[in-house]
Amino acid sequence: MINSEKFTKFTQKKKSGEKKVLISIPLLILTLILFVLFNNDTNNSIWLVLMIMFGLITLAVFAMGMSEFIKVKKSFKTEVLQEMFKTLIPDVEYHPDMGLSESEVYSSEFLKHADRFHSEDYLAGSIEDVRFYSSDLRLEERHVQHTKNGTRVYYVTYFLGRVFRFDFNKEFTGNLQVLETGSPYSRRKFEKVKMESIDFNKKFKIFAEEEITAFYILTPDIMEAIFNLERRNPGRISMSFLGDHLYVAINNNRDTFELKMFRNVDESVIEEFKQDLLVIKDFIVSLKLNNKLFKKN
């Protein structure tokens, strides 16, 4: 699936950057230790200057290694993953530096507005005539801490994972949310609904504008499919059936399609990227979005 020569080239570049980082870390630590030991010794000013110069050189090597690794990660996506994704989903569009917009993400109505918003790894295409869009997402909340030494501002990540939107020819009367945690962020008049499945009610919270919509959509087969999807995708799942769209979020504290430092790029890594892409197909097939199950006459 992947050109072996290209694969080897990226592996070598990745190892080159990692080697520089690996060499520089213990040297930086050693430099700091020696600096602390000799810092108050005025008779060793020459040694201090030499150590500072050595430390700066070591820091430069570390920065070079990190820069090489970051470049490899970016080029791996555009030159390797794009090609691989095309073989799996022929009409797929993959833009690593793009992502779903804020307005699109918040249209799901189950994610609160973030103080810091970052979206990347945009995917769009169709599987079995079902149009999909997705991206990785990081949402952060601003916190202010007042102490005797002043005010400290910091940010806490409350969502790190993936968001999907599926478009299909199905119209719902009223809207529905199925949430593993949290509540809708919406002005709609949602009411909490209990399904006949006790296990489903324990695992998920169901909110609907009209109770009949919940029973119409969440058939026993669909509830079982949602259970299985949750098991196959660790993290907290949220679903929102709005009009003719289905929004899905998986808050799993993962940044997908990223090479890891010091992890060999082998077939297991490629298979992991492949499965991360095919999660989209799993949702479409498992939830039967590719048939007329929900279509109103």
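Modeller: Let's begin with a term: a salt bridge is a side-chain nitrogen of Lys or Arg within 4 Å of a carboxyl oxygen of Asp or Glu. This is a predicted model, where local features need pLDDT of at least 70, side-chain atom pairs count only at pLDDT 80 or more, and totals for chains, interfaces and linings use all residues. Residues are numbered from 1 along each chain as its sequence is written, and side-chain values use heavy atoms, with hydrogens and water left out.

Biologist: Why is the contact of Asp282 with Arg232 called a salt bridge?

Modeller: The closest N and O atoms of Asp282 and Arg232 are 2.9 Å apart. The cut-off is 4 Å, so the pair qualifies. Asp282 lies in helix H7 (residues 267–286) and Arg232 in helix H6 (residues 220–232), so the pair ties together parts that are 50 residues apart in sequence. Helices (H or I, at least four residues) and strands (E, at least two) are DSSP runs, numbered from the N terminus.

Biologist: What makes Asp282 buried, exposed or partly exposed?

Modeller: Buried means under 20% relative accessible area, exposed means over 50%, and partly exposed is in between (1.4 Å probe, protein chains only). Asp282 has 22%, so it is partly exposed. Arg232 has 45%, so Arg232 is partly exposed too.

Biologist: What makes Lys77 and Asp121 a salt bridge?

Modeller: Their side chains meet at 3.0 Å, N to O. Lys77 lies in helix H2 (residues 45–88) and Asp121 in strand E2, so the pair links parts 44 residues apart in sequence.

Biologist: How do you know whether Lys77 and Asp121 are buried or exposed?

Modeller: Lys77 has 5% relative accessibility, so it counts as buried. Asp121 has a relative accessible area of 1%, so Asp121 is buried.

Biologist: What makes Arg116 and Glu140 a salt bridge?

Modeller: Their side chains meet at 3.8 Å, N to O. The limit is 4 Å, so this pair counts. Arg116 lies in strand E2 and Glu140 in strand E3, so the pair ties together parts 24 residues apart in sequence. Arg116 is partly exposed at 41%, while Glu140 is buried at 14%.

Biologist: How many salt bridges does a search of the whole structure find?

Modeller: The search finds 19.

Biologist: How do you know that E2 and E3 pair?

Modeller: Two strands pair if DSSP finds at least two bridges between them. Strand E2 (residues 116–127) and strand E3 (residues 130–147) are joined by 10 bridges, so they pair. They run antiparallel. Arg116 stands opposite Glu140 in E3. E2 and E3 form a hairpin with 2 residues between them, and Glu128 in the turn has a positive phi of about 50 degrees.

Biologist: Why is strand E9 called largely enclosed?

Modeller: 6 of the 7 residues of E9 (residues 245–251) are buried, so the rest of the structure largely encloses the strand.

Biologist: Which strands pair with E9, and how do you know?

Modeller: E4 (residues 150–167) has 7 bridges to E9, and E8 (residues 236–242) has 7 bridges to E9. Both counts meet the rule, so both strands pair with E9. Met239 stands opposite Val248 in E9. E8 and E9 form a hairpin with 2 residues between them, and Gly243 in the turn has a positive phi of about 60 degrees.
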